[in-house]
Amino acid sequence: MIETSGVIEREQGNGFYRVTLDKPEGHQCLCRAAGKLTKFRIKLLAGDKVTVEISPYDLTRGRITYRERNMGAPRSGGHRPGGRRR
């Protein structure tokens with residue numbers, strides 16, 4: 001498998017995503033989320049940086065194996081400032 005990084009351009013429907021890869025500059029492939037991402041319900045949105053595995057036999061298809069965390073976004077959930085709310 002060829003492992004590279006890229007950015008999700010758009011969701012195609014039926015669980016497929018159009019991803020623009022970094023290494024072959026501008027190459028696009030149609031990718032599907034790996035089993036662990038669907039098992040733990042990791043949300044994939046347009047603009048997310050992801051790691052993709054591509055088959056050496058078909059360079060137009062791939063599998064998304066990892067979504068990088070967005071460090072600038074606030075975390076949802078947890079305790080609110082000012083104590084618990086009843």
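**Exercise 1. In what order do the five strands close into a barrel?**

Before you start: this is a predicted model, where local features need pLDDT of at least 70, side-chain atom pairs count only at pLDDT 80 or more, and totals for chains, interfaces and linings use all residues. Residues are numbered from 1 along each chain as its sequence is written, and side-chain values use heavy atoms, with hydrogens and water left out.

*Step 1.* List the elements. Helices (H or I, at least four residues) and strands (E, at least two) are DSSP runs, numbered from the N terminus. The chain has one helix and five strands, running β-β-β-α-β-β from the N terminus on.

*Step 2.* Strands pair if DSSP finds at least two bridges between them, and the closed order is β1-β2-β3-β5-β4, with mixed pairing.

**Exercise 2. Work out how β4 and β5 are joined.**

*Step 1.* Find β4 at residues 49-54 and β5 at residues 61-67.

*Step 2.* Five bridges link these strands, which run antiparallel.

*Step 3.* Pick out one partner: Ile-54 is bridged to Gly-62 in β5.

**Exercise 3. Sort the lining of the second largest pocket by class.**

*Step 1.* Look up the lining: Gly-15, Tyr-17, Arg-32, Ala-33, Leu-37, Thr-38, Arg-41, Ile-42, Lys-43 and Leu-44.

*Step 2.* Apply the classes: Ala, Val, Leu, Ile, Met, Phe, Trp, Tyr, Cys and Pro are nonpolar, Asp, Glu, Lys and Arg charged, and the others, Gly among them, polar.

Key: 1 Å grid on protein atoms, 1.4 Å probe; cavity = no way out; pocket = protein on both sides within 12 Å on 5 of 7 lines; lining within 4 Å.
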